[in-house]
Amino acid sequence: MGAAALILILDQLTKVIAKSSLIEGISQPVTSFLNWTLVYNPGAAFSFLAQAGGWQRWFFTGIGLIAAAVMIWLIKKNTSQTLFCLAMSLVLSGAIGNVIDRILYGAVVDFVDLHYAGWHWPAFNIADSAITIGVILLILDEIKRVNK
């Protein structure tokens, strides 16, 4: 759970920095493939339901809180499974980070803009990265468990 706390703090700190130093929708190039671009996503992944009229804020907040409670229970129940607990902690920190955004700002704060040859990956944040890495580790943990 310490990993979750560290990632959550890093996520929220970078979002505060992005909100205070970037102008929404204006890209600041960092490298040939990376920009800092402040955007607010009121929807879910890849802006799913972003135009739904506002109800999705509380819907996704509720789902995030329920998911967080389940993940905490799973971590406490499986303390001997190191990789599983690390993976769950990463997903947990990302879920809570994005729930905090929805409560405070009504949308998730994204600012990392990866691009190549005019193609841009949807903007994301540290929380999204933690969720992605956590899910990859969960898949690896399951493959490892099945192969035993």
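## Overall architecture

The secondary structure of the protein comes to four helices and four strands, and, read from the N terminus on, these elements follow the order α-β-β-α-α-β-β-α. The model is a predicted one, and the values given below are to be read with that in mind.

Of the 148 residues of the protein, 38% count as buried. Among the contacts in the protein with a separation of 6 or more, 63% are accounted for by residues 24 or more positions apart.

Helix α3 covers residues 82–105, 24 residues in total, and it reaches 34 Å from its first C-alpha to its last, close to the 34 Å expected at 1.5 Å a residue. The residue that follows α3 is Gly 106, which has a positive phi, near 80°.

In soluble globular proteins, nonpolar side chains tend to be buried together. In this model the largest nonpolar core has ten residues, namely Ala 4, Ala 68, Met 71, Ile 75, Phe 84, Cys 85, Met 88, Val 91, Leu 92 and Ala 95. The elements that give two or more residues to this core are α2 (55–77) and α3, and α3 gives the most, with six residues. A second, separate core has eight residues, including Ala 18, Leu 22, Phe 111 and Val 112. Ala 4, a member of the largest core, touches Ser 89, Leu 92 and Ser 93, when residues up to four places away in sequence are not counted.

## A buried network of charged residues

Side chains of opposite charge can pair when their charged atoms come close. The count for this model comes to three salt bridges, and Asp 11, Lys 15 and Asp 101 are linked in a network of such bridges.

Asp 101 is buried, as is Lys 15.

## The pair in helix α4

Glu 142 forms a salt bridge with Arg 145, and the closest N and O atoms are 2.5 Å apart. These two residues are separated by about one helical turn because they are three residues apart in helix α4 (residues 126–146). An α-helix has 3.6 residues a turn, so residues three or four places apart point the same way. Glu 142 has a relative accessibility of 36%, and therefore counts as partly exposed.

## Asp 110, buried without a salt bridge

Asp 110 lies in strand β3 (residues 108–116). Asp 110 is buried yet has no salt bridge, and the nearest side chain of opposite charge, that of Lys 15, is 6.3 Å away, whereas a salt bridge is counted only within 4 Å.

The side chain of Asp 110 is instead joined to that of Asn 125 by a polar contact of 2.8 Å. Leaving aside residues up to four places away in sequence, Asp 110 touches Thr 37, Leu 38, Val 39, Asn 41, Ala 123, Phe 124, Asn 125 and Asp 128.

Note on methods: Residues are numbered from 1 along each chain as its sequence is written. This is a predicted model: local features need pLDDT of at least 70, side-chain atom pairs count only at pLDDT 80 or more; totals for chains, interfaces and linings use all residues. Side-chain values use heavy atoms; hydrogens and water are left out. The expected span of a helix is 1.5 Å times one less than its number of residues. Buried means under 20% relative accessible area, exposed over 50%, partly exposed in between (1.4 Å probe, protein chains only). Lys and Arg count as positive and Asp and Glu as negative; His and the chain ends are not counted. A polar contact is a pair of N or O atoms within 3.5 Å; within protein, one must be able to donate a hydrogen and the other to accept it, and residues adjacent in sequence count only if both atoms are side-chain atoms. Contact means heavy atoms within 4.5 Å. A nonpolar core is a set of buried Ala, Val, Leu, Ile, Met, Phe, Trp, Tyr and Cys residues joined through side-chain atoms within 4.5 Å.
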